[in-house]
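Reader: I'd like to learn how to read a model like this one, feature by feature. Could you walk me through it?

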Amino acid sequence: EVLGSKQLEWVNKVNTQCLKTIGDPTTTQTYTRIKSILDSQDKIPHAYRINDNYYYNFWQDEHHVQGIWRKTTLESFKGTT
């Protein structure tokens with residue numbers, strides 16, 4: 001369970017400790033720039049071949065917030081079929 005109360009309590013505890021130690025990174029220009037890149041709708045897909053004739057792509061967007069693994073052939077990925 002990723003979103004259970006015990007797990008989220010742990011995350012909040014660790015986040016609080018980190019903020020006390022290193023400060024709030026969301027106030028920096030670097031954070032703002034990186035976040036805008038990661039949140040951009042302009043995604044460049046990339047695929048990896050893993051032990052077979054298929055290529056796999058990990059995709060995140062507003063519909064798949066936690067991400068999904070997609071499987072395709074090289075020809076389909078290239079758009080040649």
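**Reading the chain**

Author: Helices (H or I, at least four residues) and strands (E, at least two) are DSSP runs, numbered from the N terminus. This is a predicted model, where local features need pLDDT of at least 70 and side-chain atom pairs count only at pLDDT 80 or more, while totals for chains, interfaces and linings use all residues. Residues are numbered from 1 along each chain as its sequence is written, and side-chain values use heavy atoms, with hydrogens and water left out.

Reader: Is L38 buried or exposed?

Author: Buried means under 20% relative accessible area, exposed over 50%, and partly exposed in between (1.4 Å probe, protein chains only). L38 has a relative accessible area of 57%, so L38 is exposed.

Reader: How many helices and strands does the protein chain have, and in which order do they run?

Author: There are 3 helices and 3 strands in the protein chain. Starting at the N terminus, the order is α-α-β-β-β-α. Helix 1 takes in residues 5–22, and N15 is part of helix 1. N15 has a relative accessible area of 41%, so N15 is partly exposed. Between the C-alpha atoms of N15 and H64 there are 24 Å, for a separation of 49 residues along the chain.

Reader: What does Q60 touch, leaving out residues up to four places away in sequence?

Author: Contact means heavy atoms within 4.5 Å. By that rule, and leaving out those sequence neighbours, Q60 touches K43, V65, Q66 and G67. Q60 belongs to the loop between strand 2 (55–59) and strand 3 (68–72), and Q60 is partly exposed at a relative accessible area of 40%. S36 is 24 residues from Q60 in sequence, and their C-alpha atoms are 15 Å apart.

Reader: And salt bridges: which side chains meet in one here?

Author: A salt bridge is a side-chain nitrogen of Lys or Arg within 4 Å of a carboxyl oxygen of Asp or Glu. Searching the whole structure turns up 1 salt bridge. D39 and K35 meet in a salt bridge through their side chains, at 2.5 Å, N to O. D39 is partly exposed at 45% relative accessibility, and K35 is partly exposed with a relative accessible area of 37%.

Reader: How should I read the overall form of the chain?

Author: One guide is the radius of gyration, taken over C-alpha atoms; the globule rule is 2.2 Å times the number of residues to the power 0.38. For a compact globule of 81 residues the value would be near 12 Å, whereas the protein chain has 18 Å. The C-alpha trace spans about 50 × 35 × 25 Å along its principal axes.
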